[in-house]
Amino acid sequence: MRSANPVLDRLDDVGRAERQVLGVDAGDAMTVADVVARTVGLLLLTGVTAAVAWFVVPQAAWISAALAGSALASLALVLVISLKQITNPPLIIGYALLQGLLLGVASRAFELVYPGIVAQAVVGTFGVFLGMALLYRARLIRATPRLARLVVGTLIGIVALGLVNLLAYLFTGRQGVAVYSLSDRVGWLPYVFSVVAIIAGALGFVLDFDLVERSVGNRLPRRYAWYCAFGLLVGLIFLYWQILRLLSYVRR
């Protein structure tokens, strides 16, 4: 079973091969508690960095270009860590710091135009995450091969279209499946794109929970807990952006 989150996609194969070659003692195997602790730590670090950026970084004219550059740098870092299965804490922490800076500055811009929207997006993000965790725990939603194929394909399409849309906006100023301006009118396509992205992101957590659970059962090395926590952080940040953008559309 593959994860819908590309960060966690190849964890099973790589970790299992490492365990077979090197062997892992019971005391060195990762646990669910290890993943939870590291995920919470990364979230706190991202939140603190976002809060500092919110109050310190000025809303200057160059901030839009800086945000676009940070977004592309974050995407590049995600690809590097995921493709190389990097479990190095400093690099993963660096991603959390970069995302915190990006989240803080961008969220403040949204908040200035639409007061209260950030709190709504945060509550919505963690509400969806906890809801999917409860559904998975109760086995009301199962990680089936069909679900995996559907979610993986959808998320790949969303990321690809989003990247093309961002580049088109940077070079031509045109906005298609996503509207980056906080004041322009929104057609029906961005609404559909955001809703589909939120649904796909939510369902992706089911596959991620399943992969983490099976990785613990396979007794992968403890350092892979950092990799799992990083993958969950990526999923949460993706969901937050989609909810924040959809709320801004609704409130125009």
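Q: How many residues does the protein have, and what share of them is buried?
A: The protein has 252 residues, and buried residues make up 44% of them. Buried means under 20% relative accessible area, exposed means over 50%, and partly exposed lies in between, with a 1.4 Å probe and protein chains only.

Q: Where do these values come from?
A: This is a predicted model, in which local features need pLDDT of at least 70 and side-chain atom pairs count only at pLDDT 80 or more, while totals for chains, interfaces and linings use all residues. Residues are numbered from 1 along each chain as its sequence is written, and side-chain values use heavy atoms, with hydrogens and water left out.

Q: What is the secondary structure of the protein?
A: The protein has 8 helices and 0 strands, in the pattern α-α-α-α-α-α-α-α along the sequence. Helices (H or I, at least four residues) and strands (E, at least two) are DSSP runs, numbered from the N terminus.

Q: How many aromatic pairs are there?
A: The structure holds 8 aromatic pairs. Rings of Phe, Tyr and Trp (its six-membered ring) pair if their centres lie within 6.5 Å; planes under 30 degrees apart count as stacked, over 60 as edge-to-face and the rest as tilted.

Q: Why is the pair of Phe129 and Phe209 edge-to-face?
A: The ring centres of Phe129 and Phe209 are 5.5 Å apart and the planes stand at 75°, so the pair is edge-to-face. This pair links distant parts of the chain, with Phe129 in helix 5 (residues 117-137) and Phe209 in helix 7 (residues 188-217), 80 residues apart.

Q: Is Phe129 buried or exposed? And what about Phe209?
A: Phe129 counts as buried because its relative accessibility is 15%. Phe209 is buried, at 15% relative accessibility.

Q: Which residues do ring pairs link into a cluster?
A: Ring pairs link Phe129, Tyr136, Phe205 and Phe209 into a cluster. Tyr136 also has the charged end of Arg139 over its ring, 4.7 Å from the centre. A charge sits over a ring if NZ of Lys or CZ of Arg is within 6 Å of the ring centre and within 35 degrees of the ring normal.

Q: On to pockets: how much space lies in the second largest pocket?
A: The second largest pocket holds about 510 Å³ of space. On a 1 Å grid over the protein atoms alone, a pocket is an open set of points where a 1.4 Å probe fits, with protein on both sides within 12 Å along at least five of seven lines; lining residues have an atom within 4 Å of a point.

Q: Which residues are closest to its centre?
A: Of the 18 residues that line the second largest pocket, Val32, Val36, Phe129, Ala133 and Phe209 are the closest to its centre. Helix 2 (32-56), helix 5, helix 7 and helix 8 (224-250) each give two or more residues to the lining.

Q: Back to helix 2: what does the side chain of Thr49 reach?
A: Thr49, which lies in helix 2, reaches the backbone oxygen of Leu45 with its side chain at 2.8 Å. Thr49 counts as buried, at 16% relative accessibility.

Q: Where is Arg223 found?
A: Arg223 is in the loop between helix 7 and helix 8 and is partly exposed at 38% relative accessibility. Arg223 and Thr87 are 136 residues apart in sequence and 6.2 Å apart in space, C-alpha to C-alpha.

Technical notes:
Grid points are joined across faces, edges and corners, and a volume is the space filled by probe spheres set on the points. A polar contact is a pair of N or O atoms within 3.5 Å; within protein, one must be able to donate a hydrogen and the other to accept it, and residues adjacent in sequence count only if both atoms are side-chain atoms.
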